[in-house]
There are 2 protein chains.
Amino acid sequence: MHYAIDDTIVALSTPEGTGAIAVIRLSGKEAIAISNRVFKGKDLTRQPSHTLHYGSIRDGEKVLDEVVVSLFVAPHSFTGEDVVEISCHGSPFIVRQIIQLLLKHGARLATAGEFTKRAFMHGRFDLAQAEAVADLIASDSEISHKTALNQMRGGFSQEIKDLRAQLVHFASMIELELDFVEEDVEFASRDDLRRLVEDILRVVNALINSFALGNVIKNGVPTVIAGKPNAGKSTLLNALLNEEKAIVSDIPGTTRDFIEDEILLGGISFRFIDTAGLRETTDKVEAIGVERTYAKMKQASLIIFLFDLTEETITSIQKDINVLENLGIPFIRVGNKIDQAQPDLLKALESIPDIVYISAEKRENLEGLKDKIMALVDLNKFSTSGTIVTNVRHYDSLVKTKEALEDVLKGLDSGITQDFLAQDIRHALHYLGEITGEITTEDLLGNIFSKFCIGK
Amino acid sequence: MHYAIDDTIVALSTPEGTGAIAVIRLSGKEAIAISNRVFKGKDLTRQPSHTLHYGSIRDGEKVLDEVVVSLFVAPHSFTGEDVVEISCHGSPFIVRQIIQLLLKHGARLATAGEFTKRAFMHGRFDLAQAEAVADLIASDSEISHKTALNQMRGGFSQEIKDLRAQLVHFASMIELELDFVEEDVEFASRDDLRRLVEDILRVVNALINSFALGNVIKNGVPTVIAGKPNAGKSTLLNALLNEEKAIVSDIPGTTRDFIEDEILLGGISFRFIDTAGLRETTDKVEAIGVERTYAKMKQASLIIFLFDLTEETITSIQKDINVLENLGIPFIRVGNKIDQAQPDLLKALESIPDIVYISAEKRENLEGLKDKIMALVDLNKFSTSGTIVTNVRHYDSLVKTKEALEDVLKGLDSGITQDFLAQDIRHALHYLGEITGEITTEDLLGNIFSKFCIGK
């Protein structure tokens, strides 16, 4: 793959805001020459790759900052081009001044994801790996981090590429038959082809199925805590949040990005959806509110049904449980305020199986509840394949691959001609190729990289 | 100066949040060894200073990220110690994981400003220069940036050190006289001493006077737009803001730290203070609100008095001007909505001098207003010295130096004994030394560096 990339791009690569240092990155043919024009220190054009140089950035006589410059000479860089990273003081004002100066000297502002796009174009990694870079940066739990990193390191791509290579072999054999169509030869064994397509379909199906887990990994498990007002929903959420927060907050300043209503259990993120609470009502306006609550609950993958052991009756609890069972979403029955529970109610509840008794306020048996939650979202049941698809674009391509492969099988069954068979195989090859970027269009690339942040 | 610093510190040095890359910095005797324990790639302990190394960070078998490591071998680093900078993917989750791993392997979390404190302790720069690092990061205008950078590069410190060195010479001569007190010798010429002290006083006074400008540079000019409701105060502020914003916003993403009510004119930042507006009232509750407005106006260095040319009368305008004149703060009379002004009012206003006529909405004559603002805060009138003091701690030390030097002069006038004279000179030396850190205490250092951000 060859692209003519002539210009040199620049962007702030560290998060915006004030900090000790900020890093401005340049990539392109002129990256070193442009940097050298504004750098006072050693002659950067004469330094070896992978070296660091202290000096100052100057606009004519005016010193903008004292910096350390990192040199990466092509092809030994992230993008595969000459790359310069300028580590300056972390002031937005200084960053702006330096970038403006670099623009003046011939660099161009990078678009979103343009560094990674160049890395892809120069064959540093394939498209699925490039997309994993963005996922890696966005990862906020053990498992999303692991999945993205695994993907960035090429795990998933290799599987797709191997499958595709085998199919390419058959495709070329069948295309060859087309050249000899008059002679009715068969270079590609139809039985072997069927076996291969069935093998590929098995893998593709496993990858498609893994997407349910992949989606959970990337976006968290949407979870609703349902229950009457005063059942202790907020107390429970806070109790769950605080426990987890205590773990992450021993490093000052690293928890700012923590989303208040998201908690990590066993490396999986649970995203809590706020609801108005379950409530029996004859009031019409309130009934609409309750309808909305049910609508939200239907979006959940998990419902924690919380009832108050000091206030409710066995009848009202059983009624709510009936409603929840009709929703068809996994739910956990949780009796709250066990420390002050009505003894009669507790006795009556013995007829209902699988209740977890807790006190959210006293933090009693939160572990028991967590175990129950984890049991319901058992990761193993999501996927049979070791590889997990997290990207909706990959999922779409896999589904299209599957359809094309099923067409191939149908074609084999009905004994269609080589040209139709070849066409169906080409479709499958196309969709598989889209995942790793062996097949790309400018639109596709633009769409993918525009979702990146600038500077990556 | 020698300090035993045995441990190795670590912190995130780039701003928090999500970005393409984040930089984690280690400094100390074990910085390279600790990094090497978690880095898979080349053996970092055997690499030369100022080199870059690609590899991965691993917790046992688990890969945390792919990174580039920068090596700075002591004493050729920011802190003067071995320094390692790990450039990882800019995810808060990954940053947390890597820092936790480094802590596990023997690093300690850095306190605020601890890297800069170590640089100071290892004699990489003096205290005033260290403080300028924080100012530089906080700088948000041309002039605050220039002043901080100049200070960080030692401009101000050298002046103080030169003065102090000359005074030290006299101090030692006078201390020597104390050894020969029986013999009534005079090693230090009292006339020369008086001339030197007077010279130093002139410089110290100039520096003290420069603080008024220094404060403006660092904190902006507190400015109030006063006027009746509907005079167009918000429209004017927005008009001023938008013009300036257009200048800074051509680099996407670098303006997030822009404070909405702060604008830069001629490199100086003007900090706008919101007020309830001038209003004549007989209502008691409202009168309290107006009192508060006046209290706020008294904090301002500049008042823009805006009146509505379509609504007000010459009487009401004159009344407000009288109130403002009593405040004793520079103010600009600005007639707004010139495009729809009442002709009679315009004629009557000819009796009042120096009115700037604008239309905030139509953006008419904003330049005229800006020129007027700039004329009132003429930088040249603030300072006679080329060096500008921006730091309140330096200012305090200079004031104390001045007092001590005046005591020396008084002592010379009244012919006090050597020991009293020596004591006054020692006071002056002490306060001058505090500025550059030639005289320090742990309290002083703790106080200074605690104001830094972590990672610097």
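Me: What is the hand of the crossing of H13(A) and H14(A)?

Reply: In this predicted model, H13(A) and H14(A) cross in a left-handed way. The hand is called left because the near helix is turned anticlockwise from the far one by less than a right angle.

Me: Why is H13(A) called roughly antiparallel to H14(A)?

Reply: Helix H13 (residues 392-414) of chain A packs against helix H14 (residues 418-436) of chain A at an angle of about 165 degrees, and their axes are 8 Å apart. Angles over 145 degrees count as roughly antiparallel, so H13(A) is roughly antiparallel to H14(A).

Me: Which residues meet in this pair, H13(A) and H14(A)?

Reply: From H13(A), the residues in contact include A:Leu398, A:Thr401, A:Leu405 and A:Val408. Among their partners in H14(A) are A:Leu421, A:Ile425, A:Ala428 and A:Leu432. By class, the contact of H13(A) with H14(A) has 11 nonpolar, four polar and five charged residues.

Me: Which residues make the contact between H3(A) and H15(A)?

Reply: On the side of H3(A) they are A:Thr116, A:Lys117, A:Phe120 and A:Met121, and on the side of H15(A) they are A:Glu442, A:Leu445 and A:Phe449. Four of these residues are nonpolar, one is polar and two are charged.

Me: How do you know that A:Arg118 and A:Glu81 form a salt bridge?

Reply: The rule asks for a side-chain nitrogen of Lys or Arg within 4 Å of a carboxyl oxygen of Asp or Glu. Between A:Arg118 and A:Glu81 the distance from N to O is 3.1 Å, so the pair passes the rule. A:Arg118 is in helix H3 of chain A and A:Glu81 is in the loop between S5 and S6 of chain A, so that the pair, 37 residues apart, links distant parts of the chain.

Me: How many salt bridges are there over all chains, and how many across the interface of chain A and chain B?

Reply: Over all chains, 51 salt bridges are found. Across the interface of chain A and chain B the count is zero.

Me: What describes the interface of chain A and chain B?

Reply: About 5500 Å² is buried between chain A and chain B, and carbon and sulfur atoms give 63% of that area. The contact involves 63 residues of chain A and 62 residues of chain B.

Me: Why is H4(B) called roughly parallel to H15(B)?

Reply: Helix H4 (residues 127-138) of chain B and helix H15 (residues 442-449) of chain B pack at an angle of about 20 degrees, their axes 11 Å apart. Angles under 35 degrees count as roughly parallel, so H4(B) is roughly parallel to H15(B). B:Leu127, B:Ala130 and B:Glu131 of H4(B) touch B:Leu444, B:Leu445, B:Ile448 and B:Phe449 of H15(B). Six residues of this contact are nonpolar, none is polar and one is charged.

Me: Where does A:Asp354 lie, and what is its phi?

Reply: A:Asp354 is in the loop between helix H11 (343-349) and strand S13 (355-357) of chain A. Its phi is positive, about 60 degrees, although A:Asp354 is not a glycine.

Note on methods:
Residues are numbered from 1 along each chain as its sequence is written. Chains are lettered from A and ligands numbered from 1 in the order in which they are written. This is a predicted model: local features need pLDDT of at least 70, side-chain atom pairs count only at pLDDT 80 or more; totals for chains, interfaces and linings use all residues. Side-chain values use heavy atoms; hydrogens and water are left out. Contact means heavy atoms within 4.5 Å. Helices (H or I, at least four residues) and strands (E, at least two) are DSSP runs, numbered from the N terminus. Ala, Val, Leu, Ile, Met, Phe, Trp, Tyr, Cys and Pro count as nonpolar, Asp, Glu, Lys and Arg as charged, and the others, Gly among them, as polar. Buried area is the accessible area (1.4 Å probe) that two parts lose on being put together, summed over both. Axes are lines fitted to C-alpha atoms, for helices over the stretch in contact, and angles run from 0 to 180 degrees between N-to-C directions. Angles under 35 degrees count as roughly parallel, over 145 as roughly antiparallel, 65 to 115 as roughly perpendicular and the rest as oblique.
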